[in-house]
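Please explain the salt bridges in this predicted model.

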Amino acid sequence: MLVRQLQEAEKTDRKIVDPNGNWDSTRLLLKDDNMGFSFHITTIFEGADFRMHYQNHLESVYCISGEGEVETLDDGKKYAITPGTLYNLDKHDKHMLRAFKEMKLACVFNPPLHGTEVHNKDGAYELEAETIKD
(Lines give C-alpha, C1' and ligand atoms only; values in the text may rest on other atoms or scores of the structure.)
Protein backbone atom coordinates (compact mmCIF):
# COMPACT_ATOMS: atom_id res chain seq x y z
CA MET A 1 0.00 0.00 0.00
CA LEU A 2 1.19 3.50 -0.85
CA VAL A 3 0.24 6.33 1.52
CA ARG A 4 1.24 9.98 1.14
CA GLN A 5 0.18 13.06 3.09
CA LEU A 6 -0.45 16.24 1.06
CA GLN A 7 1.02 18.53 3.72
CA GLU A 8 4.23 16.49 3.78
CA ALA A 9 4.47 16.18 -0.01
CA GLU A 10 4.17 19.97 -0.32
CA LYS A 11 7.51 20.27 1.52
CA THR A 12 9.35 18.07 -1.01
CA ASP A 13 10.34 18.05 -4.68
CA ARG A 14 6.80 16.80 -5.40
CA LYS A 15 5.62 20.42 -5.28
CA ILE A 16 6.25 21.96 -8.69
CA VAL A 17 5.85 25.72 -9.22
CA ASP A 18 4.93 27.14 -12.62
CA PRO A 19 7.79 29.33 -13.88
CA ASN A 20 5.13 31.73 -15.25
CA GLY A 21 3.51 32.16 -11.82
CA ASN A 22 0.04 30.78 -12.64
CA TRP A 23 -0.02 27.64 -10.48
CA ASP A 24 1.69 25.15 -8.23
CA SER A 25 1.06 21.43 -8.26
CA THR A 26 1.83 18.79 -5.66
CA ARG A 27 2.18 15.47 -7.44
CA LEU A 28 1.00 12.76 -5.08
CA LEU A 29 1.08 9.88 -7.57
CA LEU A 30 3.49 9.66 -10.51
CA LYS A 31 4.48 7.20 -13.23
CA ASP A 32 6.95 5.35 -10.99
CA ASP A 33 4.11 4.57 -8.56
CA ASN A 34 2.76 2.16 -11.22
CA MET A 35 -0.91 3.10 -10.92
CA GLY A 36 -1.36 3.90 -14.64
CA PHE A 37 -2.23 7.55 -13.92
CA SER A 38 -0.86 10.46 -11.94
CA PHE A 39 -2.78 12.41 -9.28
CA HIS A 40 -2.04 16.00 -8.33
CA ILE A 41 -3.45 18.70 -6.08
CA THR A 42 -3.03 21.92 -8.03
CA THR A 43 -3.56 25.52 -6.97
CA ILE A 44 -4.42 28.01 -9.71
CA PHE A 45 -3.63 31.48 -8.42
CA GLU A 46 -6.25 34.23 -8.48
CA GLY A 47 -6.01 36.24 -11.70
CA ALA A 48 -4.31 33.45 -13.66
CA ASP A 49 -5.41 33.33 -17.30
CA PHE A 50 -3.41 30.98 -19.50
CA ARG A 51 -3.59 28.64 -22.50
CA MET A 52 -3.00 24.89 -22.40
CA HIS A 53 -3.14 22.09 -24.93
CA TYR A 54 -2.36 18.64 -23.54
CA GLN A 55 -1.36 16.96 -26.79
CA ASN A 56 0.16 13.95 -25.00
CA HIS A 57 -2.20 13.48 -22.05
CA LEU A 58 -5.84 13.21 -21.07
CA GLU A 59 -6.81 15.08 -17.91
CA SER A 60 -9.71 14.98 -15.48
CA VAL A 61 -10.07 17.94 -13.08
CA TYR A 62 -12.25 18.25 -9.96
CA CYS A 63 -12.67 21.63 -8.26
CA ILE A 64 -12.28 21.49 -4.48
CA SER A 65 -12.47 25.24 -3.88
CA GLY A 66 -12.35 28.59 -5.65
CA GLU A 67 -13.97 29.99 -8.76
CA GLY A 68 -13.00 30.28 -12.40
CA GLU A 69 -13.76 29.09 -15.89
CA VAL A 70 -12.38 26.88 -18.62
CA GLU A 71 -12.85 27.88 -22.26
CA THR A 72 -12.51 25.41 -25.12
CA LEU A 73 -10.72 27.27 -27.90
CA ASP A 74 -12.03 25.29 -30.87
CA ASP A 75 -15.63 26.38 -30.20
CA GLY A 76 -15.28 29.29 -27.74
CA LYS A 77 -17.53 27.67 -25.13
CA LYS A 78 -16.95 28.75 -21.54
CA TYR A 79 -17.71 26.56 -18.54
CA ALA A 80 -17.95 27.83 -14.98
CA ILE A 81 -15.71 26.12 -12.43
CA THR A 82 -16.94 26.11 -8.83
CA PRO A 83 -16.54 23.62 -5.98
CA GLY A 84 -17.95 20.27 -7.07
CA THR A 85 -17.33 20.84 -10.81
CA LEU A 86 -15.60 18.08 -12.78
CA TYR A 87 -14.27 18.76 -16.26
CA ASN A 88 -12.50 16.31 -18.53
CA LEU A 89 -10.12 17.12 -21.36
CA ASP A 90 -10.94 13.93 -23.22
CA LYS A 91 -10.12 15.12 -26.75
CA HIS A 92 -6.76 16.84 -26.13
CA ASP A 93 -8.78 20.07 -26.06
CA LYS A 94 -7.01 23.40 -26.57
CA HIS A 95 -8.25 25.49 -23.67
CA MET A 96 -7.87 28.59 -21.53
CA LEU A 97 -8.06 28.36 -17.76
CA ARG A 98 -9.00 31.41 -15.69
CA ALA A 99 -9.11 31.78 -11.92
CA PHE A 100 -11.41 34.51 -10.59
CA LYS A 101 -10.67 33.34 -7.05
CA GLU A 102 -7.78 31.00 -6.18
CA MET A 103 -8.78 27.47 -7.16
CA LYS A 104 -7.72 24.21 -5.53
CA LEU A 105 -8.08 21.34 -8.04
CA ALA A 106 -7.60 17.57 -7.94
CA CYS A 107 -6.13 16.50 -11.29
CA VAL A 108 -5.64 13.07 -12.85
CA PHE A 109 -3.40 12.55 -15.90
CA ASN A 110 -3.22 9.61 -18.30
CA PRO A 111 -0.55 8.67 -19.16
CA PRO A 112 0.97 9.55 -15.79
CA LEU A 113 3.46 12.35 -15.38
CA HIS A 114 7.02 11.62 -14.27
CA GLY A 115 7.03 14.52 -11.84
CA THR A 116 8.94 17.62 -12.91
CA GLU A 117 6.88 18.61 -15.97
CA VAL A 118 5.85 22.20 -16.59
CA HIS A 119 3.99 23.44 -19.67
CA ASN A 120 6.00 23.77 -22.88
CA LYS A 121 5.52 26.64 -25.37
CA ASP A 122 2.36 24.92 -26.69
CA GLY A 123 0.85 24.52 -23.21
CA ALA A 124 1.49 20.76 -23.11
CA TYR A 125 3.48 18.42 -20.91
CA GLU A 126 6.17 16.40 -22.66
CA LEU A 127 5.98 12.61 -22.47
CA GLU A 128 9.45 12.40 -20.91
CA ALA A 129 10.71 14.35 -17.90
CA GLU A 130 12.89 13.94 -14.86
CA THR A 131 11.45 11.55 -12.32
CA ILE A 132 10.88 12.64 -8.75
CA LYS A 133 12.27 10.15 -6.25
CA ASP A 134 11.25 9.98 -2.60
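**Salt bridges and their surroundings**

Asp-24 is buried, because its relative accessibility of 12% falls under the 20% cut-off for that class. The side chain of Asp-24 meets that of Lys-15 in a salt bridge, with an N to O distance of 3.8 Å. That distance counts because the limit for such a pair is 4 Å. Lys-15, for its part, is partly exposed at a relative accessible area of 34%.

The search of the whole structure that covers this pair finds 10 salt bridges in total. Side chains of opposite charge can pair when their charged atoms come close.

Another of these bridges links Glu-69 and Arg-98, whose closest N and O atoms are 2.9 Å apart. Glu-69 belongs to strand E5 (residues 58-72) and Arg-98 to strand E8 (residues 94-110), so this bridge ties together parts that lie 29 residues apart in sequence. Glu-69 is buried, with 14% relative accessible area, and Arg-98 is also counted as buried, at 15%.

A further bridge joins Asp-122 to Lys-121, and here the closest N and O atoms are 3.5 Å apart. Asp-122 is partly exposed, with a relative accessible area of 30%. Lys-121 is exposed, its relative accessible area being 79%.

Some bridges also share partners: Asp-49, Glu-69, Glu-71 and Arg-98 are joined in this way into one network. The bridge between Glu-69 and Arg-98 has been described above.

Note on methods:
Residues are numbered from 1 along each chain as its sequence is written. This is a predicted model: local features need pLDDT of at least 70, side-chain atom pairs count only at pLDDT 80 or more; totals for chains, interfaces and linings use all residues. Side-chain values use heavy atoms; hydrogens and water are left out. Buried means under 20% relative accessible area, exposed over 50%, partly exposed in between (1.4 Å probe, protein chains only). Helices (H or I, at least four residues) and strands (E, at least two) are DSSP runs, numbered from the N terminus.
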